[in-house]
Amino acid sequence: MCIYEAIDLRNAVVEEHMWCIDAVIRANYALMEAAHLDYDDVYQWLALRLIHAVAKFDPAKGSLRQHIFAQLQYELLSCKRSARQYGLTEAPWDLRNAVISLEGLSESHCGWETRLVA
């Protein structure tokens, strides 16, 4: 359900509440650092979530500001999941340093094809 009849009106409300993204990031900066999350990626994910939060807002359930902050906080917590960080849907939660550069693999290294597939 969208309470805004025009996309321009929804976009205006989103622009008015862009400061919420910065507030959530500032409040959770230590979490972002500990999870090794990139600031630009997190900002982008939160911006998308802000658009969805404004579009799906139901005034009967509370205030818009409260709804936005709850949605942004939930999105930030889901940003640290392995599937979001590494793009692997079945990745274990503690997957770290799983990225291997293609330049780092040499054909002379024994088993480089297996490491590439893994």
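1. How many residues does α5 have, and how far does α5 reach from its first C-alpha to its last? In this predicted model, α5 has 16 residues and reaches 22 Å between those two atoms, close to the 22 Å expected at 1.5 Å a residue.

2. The buried residues of α5 are L64, I68, L72, E75, L76, S78 and C79. They lie on the same side of α5, because they cover an arc of only 160 degrees around the axis. On the other side of α5, Q66 and Y74 are exposed. As background, an α-helix has 3.6 residues a turn, so residues three or four places apart point the same way.

3. The largest nonpolar core has 21 residues. Those with the most contacts inside this core are I21, V42, L46, L50, I68 and L72. Two or more residues are given to the core by each of α1 (7-16), α2 (19-27), α4 (39-55) and α5 (64-79). The largest share, six residues, comes from α4.

4. V42 is one of the core residues with the most contacts. Not counting residues up to four places away in sequence, V42 touches I25, M32, L37 and L76. L76 is also among the buried residues of α5.

5. C79 belongs to helix α5. With a relative accessible area of 0%, C79 is buried, because the cut-off for that class is under 20%. The C-alpha atoms of C79 and V42 are separated by 7.0 Å, although the two residues are 37 residues apart along the chain.

6. H17 deserves a separate look. Where is H17 placed? H17 is in the loop between α1 and α2, and H17 is buried, with a relative accessible area of 13%. A polar atom of the H17 side chain lies 2.8 Å from the backbone oxygen of V13. Leaving aside neighbours within four places in sequence, H17 is in contact with L50, L64 and I68. Of these contacts, L50 and I68 are among the residues with the most contacts inside the largest nonpolar core, and L64 and I68 are among the buried residues of α5.

7. The structure holds two aromatic pairs. In one of them, the rings of W19 and F69 have their centres 5.7 Å apart and their planes at 65 degrees, so the pair is edge-to-face. This pair links distant parts of the chain, with W19 in helix α2 and F69 in helix α5, 50 residues apart. How accessible is W19? W19 is partly exposed, with a relative accessible area of 39%. F69 also counts as partly exposed, at 23% relative accessibility.

8. Y39 and Y43 form an aromatic pair as well, and this one is tilted, at 6.1 Å centre to centre and 35 degrees between the planes. Both residues lie in helix α4, four residues apart, about one turn of the helix. Y39 counts as partly exposed at 37% relative accessibility, and Y43 is partly exposed too, with a relative accessible area of 24%.

Definitions and conventions. Residues numbered from 1 in each chain as written. Predicted model: local features only at pLDDT ≥ 70, side-chain atom pairs only at ≥ 80, totals over all residues. Heavy atoms only, no water. Core = buried A, V, L, I, M, F, W, Y, C linked by side-chain atoms within 4.5 Å. Buried < 20%, exposed > 50% of the residue type's maximum accessible area, 1.4 Å probe, protein only. Contact = heavy atoms within 4.5 Å. Expected span 1.5 Å × (residues − 1). Arc of directions from axis to C-beta. Polar contact = N/O pair within 3.5 Å; in protein donor to acceptor, adjacent residues only side chain to side chain. Phe/Tyr/Trp six-rings, centres within 6.5 Å; stacked < 30°, edge-to-face > 60°.
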